[in-house]
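The following note is intended for a student reading a structure of this kind in detail. Please keep the sequence and the model in view while going through the points.

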2 protein chains.
Amino acid sequence: MENPTIHDVAHLAGVSSATADRVLNRRGNVASKSIRKVEDAVQKLGYVRNSAAARLSKNKAFRIAFVLPRKDHGFFGRMHLHLVENLSHFRNAGLSIKVFEFAAFDGEALNLTLKNIRSEEFDGVAFVGQQTQEITKTLDALRKHGLTIVSLVSDVPENYRDYYIGIDNRKAGRTAARLIGRFHRGDKGKIILIAGSMDVGDHFERISGFKEVIDNDFPNIELTSTIETFDQPNIMRRELRSRLEGEHSFTAIYNAGAGNEGLVDVLRFLDPQHFVFSITHEISPIIREGLLEGIIDVALDQRPEIEISRALMVFQATNDKVEQPVLPELIPAIYVRDNLPQIQT
Amino acid sequence: MENPTIHDVAHLAGVSSATADRVLNRRGNVASKSIRKVEDAVQKLGYVRNSAAARLSKNKAFRIAFVLPRKDHGFFGRMHLHLVENLSHFRNAGLSIKVFEFAAFDGEALNLTLKNIRSEEFDGVAFVGQQTQEITKTLDALRKHGLTIVSLVSDVPENYRDYYIGIDNRKAGRTAARLIGRFHRGDKGKIILIAGSMDVGDHFERISGFKEVIDNDFPNIELTSTIETFDQPNIMRRELRSRLEGEHSFTAIYNAGAGNEGLVDVLRFLDPQHFVFSITHEISPIIREGLLEGIIDVALDQRPEIEISRALMVFQATNDKVEQPVLPELIPAIYVRDNLPQIQT
DNA sequence: CAAAAAATGATGTACGAACATCATTATGTC
DNA sequence: GACATAATGATGTTCGTACATCATTTTTTG
């Protein structure tokens with residue numbers, strides 16, 4: 001039960017292996033009749049390119065640019081770390097990786113970084129970021145040069161990227177709302193909403209998913225205006241304190257932004273029974289403490305490590321010109337104090 | 001920045017490439033002095049075997065036996081399906097897969113199936129199952145013949161397998177308990193516990209993790225004896241009905257067994273306000289319905305598709321004689337009605 | 001119909017490891 | 001020191017694809 005080779009394909013198609021090669025690698029200058037014959041033969045034989053041979057023969061890596069917010073941001077720091085940890089593994093798989101950093105939430109900085117990616121130097125780009133007019137234009141240019149574009153964490157419209165790897169943020173927000181709503185068990189409630197920035201798609205979608213469910217299914221619960229923190233602990237502390245000042249009717253809190261030590265700081269000095277429930281996003285050492293102390297009930301985590309791995313798998317399949325592996329949908333992990341991951345993240 | 005080859009290693013070590021090859025592939029008949037020299041050179045150069053070249057040269061697949069409970073069991077059916085879906089992808093990666101089925105929970109059948117795996121025909125075994133004296137003995141024999149053993153879903157002691165791929169079932173049980181306990185918000189409670197079989201490690205550990213948390217942190221909540229259903233809807237229906245008959249003080253239910261239509265059937269005919277909370281394991285079309293109807297609050301799901309993929313990655317790295325990729329811990333997904341996966345599972 | 005352009009075939013090399021064979025050298029044993 | 005055994009080197013083939021070159025055939029175009 002030997003696997004068919006390109007020679008078998010060529011033979012069955014009645015062409016030379018050179019022509020079969022021209023077809024399979026889209027080198028052009030092939031009659032459409034020949035193309036059809038080769039494709040039929042591929043079908044009939046179930047030919048699959050031997051990626052080991054291909055990789056060996058090509059003898060050059062698929063060059064990927066990872067464009068990520070700076071690693072001092074806890075959440076993205078995890079992405080950087082995971083990339084580094086798997087570098088040797090993927091180098092061996094024929095991928096070479098270069099990381100570019102920009103300031104989180106800074107659309108212009110992102111655009112500038114993307115613009116600096118020279119299409120002769122890279123075969124693919126994976127990036128995290130919001131969508132602006134300029135950014136989509138830059139992405140478009142890159143795609144026209146044949147680069148494979150992967151958006152991470154926060155999606156851009158389909159025609160500006162080849163793949164999106166991230167969670168469904170609307171679902172994440174809805175999940176948070178369901179848990180909080182359900183925990184009220186019919187009691188009245190009043191919720192504080194927080195986001196990093198409503199300008200980035202992922203935070204925006206979480207908040208609106210959250211509102212959907214509360215509005216529809218939990219009429220006893222009141223929502224208040226969303227605080228924006230830009231994921232900065234100082235702003236979180238200031239804004240949250242001022243919101244809580246003199247007001248004692250809040251029953252729950254949902255932070256759609258990334259794990260934020262400011263949140264834990266403030267909650268730590270409140271009456272532990274103050275809230276019915278509190279949910280935040282992305283695990284970090286401080287959020288972990290919050291969970292263990294019982295200050296925070298649930299942390300949704302999109303597991304950036306897995307997103308990085310998936311992105312690399314996508315590039316690998318692209319490079320090998322092989323079907324993408326079938327993998328289940330990414331969903332955020334839901335952490336309570338009892339299922340925290342072993343490794344310190 | 002070319003990657004070093006085995007010739008570079010041999011040259012630096014001051015031996016021939018034949019000897020370097022003998023060292024790297026443990027062919028024996030090499031002086032320990034030479035071994036050291038080669039290993040030092042590998043270190044110094046950061047030599048990593050080119051797995052593409054190796055795979056091409058070997059020109060034979062790593063033969064894996066998957067030993068799984070029958071596919072008519074919903075949860076394991078998902079494993080079978082995912083294996084089939086990824087067959088071509090992993091054939092291309094140098095793995096060949098054969099699946100063996102046995103009746104779930106039947107230790108003897110499992111042992112018999114494992115015994116029938118001839119060590120000349122396979123290079124690795126992945127299996128799901130409990131541990132008995134006989135089974136560990138069989139596994140031991142297989143390992144002695146050099147097969148790589150991976151246990152799935154439910155672990156066996158470390159020295160009987162090379163890798164365990166599955167969730168931490170104690171944590172899963174603790175998580176369920178935390179949610180249920182927290183939802184009681186201090187009220188008194190009485191819980192029905194269900195398992196497929198307390199003889200299989202995963203179910204046993206879930207139940208004991210669950211008890212741990214309730215006993216420690218929720219003194220107001222009472223636990224009742226565990227019902228065993230062998231994951232069969234008929235038994236579930238009968239036992240659950242008899243437990244509920246005339247008794248109205250139960251406040252929550254935790255099914256540590258796999259998704260079970262019998263559970264939904266019975267709950268559907270109860271007063272919807274009967275329970276504070278209900279949690280089950282493993283998503284299925286029926287459990288999905290239960291979640292959408294509000295009969296079931298949470299389904300923990302260990303995502304067998306991901307476990308299969310991970311197992312295949314482990315075998316692949318083993319075959320390529322390359323470091324295992326660094327991947328985050330597997331944790332069960334927590335589904336509520338708002339974050340159900342797209343695909344019908 | 002001639003010239004240009006397009007399509008095809010024939011052929012060979014390179015990639016890096018696995019593996020086999022045979023000759024040679026070093027080491028150990030009585 | 002003769003002999004067996006262990007260790008090593010030299011060398012060549014194989015795996016399947018990518019890619020390059022050049023000759024030849026077919027098709028298109030004016």
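1. How many helices and strands does the secondary structure of chain A hold? There are 14 helices and eleven strands, where helices (H or I, at least four residues) and strands (E, at least two) are DSSP runs numbered from the N terminus.

2. This is a predicted model, in which local features need pLDDT of at least 70 and side-chain atom pairs count only at pLDDT 80 or more, while totals for chains, interfaces and linings use all residues. Residues are numbered from 1 along each chain as its sequence is written, chains are lettered from A and ligands numbered from 1 in the order in which they are written, and side-chain values use heavy atoms, without hydrogens and water.

3. The C-alpha trace of chain A spans about 85 × 40 × 35 Å along its principal axes. Chain A has 345 residues, of which 55% count as buried (under 20% relative accessible area, 1.4 Å probe, protein chains only).

4. Contact (heavy atoms within 4.5 Å) between the two chains involves 57 residues of chain A and 57 residues of chain B.

5. Eight salt bridges are found across the interface of chain A and chain B (a side-chain nitrogen of Lys or Arg within 4 Å of a carboxyl oxygen of Asp or Glu). A salt bridge joins the side chains of A:Asp338 and B:Arg178, at 2.4 Å from N to O.

Notes
Buried means under 20% relative accessible area, exposed over 50%, partly exposed in between (1.4 Å probe, protein chains only).
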